[in-house]
Amino acid sequence: MNPLGGTTRRWLLRLAWVTLLIGVGAGVGGAVLSLILHAVEHLAYGYSSGTLLEAATHAPPVRRFVALVIAGLVGALGWYAIRRWLRPIVSVTESVDGKRMPGLATALNTVLQMVVVGLGGSVGREGAPRELAALFSGWLSDVVGLTARERRVMVACGAGAGLAAVYSVPFGGALFAIEVLLAEVSLATVIPAFVASGVATLVASPVVPSGPWYVVPNYSVSWGIVVWSVIAGPLVGLAASGFTWLVRAGERHRPGGWRVLVAMPLVFASVGLLAVFTPTVVGNGRALGQTAFDGTLSIALIALVTMIKAYATTSSLWAGTAGGTLTPSIAIGAGLGAAFGGLWIVLWPGEPVGAFALIGAAAFLASTMRAPLTGLVLVIEFSHSGTGLLVPLVLAVSGAVAVGYVLGRRRVTGVP
């Protein structure tokens, strides 16, 4: 005798099919958006193979400047038109809470994000696939007639699957849905999150490479690194809190109406001028992150480039750019880790700078996301490394997130 009744079986079968379709949709969306990004990058910087950092470094300085000026003009005109003539954009978080995302405005917004990032814009590219997947998940949930609770879970799982697809990080995408969007660990959230992210990663795999996004050796733990992680974690968390405050303030006070037509081109032109001298500022942060992991720059130079990247990202958001902060956070955290680690080596010689950069990246990302598990796992999946540094990684992430939580609570409640 089957312990499940006919109604229960049909309900489970419906949820299973919806989860699979959401994974497929997120994978297709992530693949299409990745193709758009790569096409724009190759056109803007004139390369057919290798990385954007290599292409931007070898491109004439004036080409970097022109590409970013074009990015500012395209972004300004595009977002002005979307925000003036189409329905207001609904964020992924708002969609998880039940609001419906406008189809045309969301689709155009995601494509525009990828074009701007491809031209060298200093924001993350993960926002677009998350939004597109959330749009599809919400639409499918409504068509099938899921309950409000089921729809909430499916939209969050779709957004996590979009992240998983565009970066080939199935574990991190699932944790993003569970820890960040749903803040709930149960069978009802874990199973669909992992299934959707796994399917999306598989579907997007012909376009999105499965190898590491950052080349980082497998480091081993030492007492020097452990002690440093305890000290540096809170410092990185303090910096991450400042960065998060600037990002949120920029999103609240971004220019409206015709002002975006002035602010965005000016900001992108200023970033383009900086890119003339520092090619690592180009793009979503992968270039700076890899440079920090390589440990090839002096302490002063990596600190300077990291501050420039922080300016480029925050000012772009203040100017009205839509996009994520995941890869910029990894880049800034890695730069801070490399700078702090370089100073530490003076006191405690013999440790590799790349290990400090990896720990700094995880701590900064986890703090900005307010999600220690997601931040830690994403950095490990991005680099395919870090398992030998789990103890210092956990210590630094804990310290950074704790500082971010305390500062965030004080801002909200005024508790001293």
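At what angle do helix α8 (residues 170-182) and helix α9 (residues 187-204) pack? The model to be examined is predicted. Select both helices: α8 and α9 pack at an angle of about 140°, and their axes lie 8 Å apart. Angles over 145 degrees would count as roughly antiparallel, so α8 and α9 are oblique to each other. Their crossing is right-handed.

Next, display the side of α8 that makes this contact: Pro 170, Phe 171, Gly 173, Ala 174, Ala 177, Ile 178 and Leu 182. Coloured by class, the contact of α8 with α9 shows nine nonpolar and five polar residues, with no charged ones.

Proceed to helix α12 (residues 286-294) and helix α14 (residues 326-347), whose axes come within 8 Å and cross at roughly 25°. Because angles under 35 degrees count as roughly parallel, α12 is described as roughly parallel to α14. The crossing of this pair, α12 and α14, is left-handed. Select Leu 288, Gly 289, Ala 292 and Phe 293 on α12, together with Ala 331, Ala 334, Gly 335 and Ala 338 on α14, to see the contact. Six of the residues in the contact of α12 with α14 are nonpolar, two are polar and none is charged.

Finally, centre the view on Ser 34, in helix α1 (residues 6-45). Ser 34 is buried, with a relative accessible area of 0%. A polar atom of the Ser 34 side chain lies 2.8 Å from the backbone oxygen of Gly 30. Leaving aside neighbours within four places in sequence, Ser 34 is in contact with Met 114, Val 166, Val 207 and Val 208.

How values were computed: Residues are numbered from 1 along each chain as its sequence is written. This is a predicted model: local features need pLDDT of at least 70, side-chain atom pairs count only at pLDDT 80 or more; totals for chains, interfaces and linings use all residues. Side-chain values use heavy atoms; hydrogens and water are left out. Helices (H or I, at least four residues) and strands (E, at least two) are DSSP runs, numbered from the N terminus. Buried means under 20% relative accessible area, exposed over 50%, partly exposed in between (1.4 Å probe, protein chains only). A polar contact is a pair of N or O atoms within 3.5 Å; within protein, one must be able to donate a hydrogen and the other to accept it, and residues adjacent in sequence count only if both atoms are side-chain atoms. Contact means heavy atoms within 4.5 Å. Axes are lines fitted to C-alpha atoms, for helices over the stretch in contact, and angles run from 0 to 180 degrees between N-to-C directions. Angles under 35 degrees count as roughly parallel, over 145 as roughly antiparallel, 65 to 115 as roughly perpendicular and the rest as oblique. A crossing is left-handed if the near helix is turned anticlockwise from the far one by less than a right angle, and right-handed if clockwise. Ala, Val, Leu, Ile, Met, Phe, Trp, Tyr, Cys and Pro count as nonpolar, Asp, Glu, Lys and Arg as charged, and the others, Gly among them, as polar.
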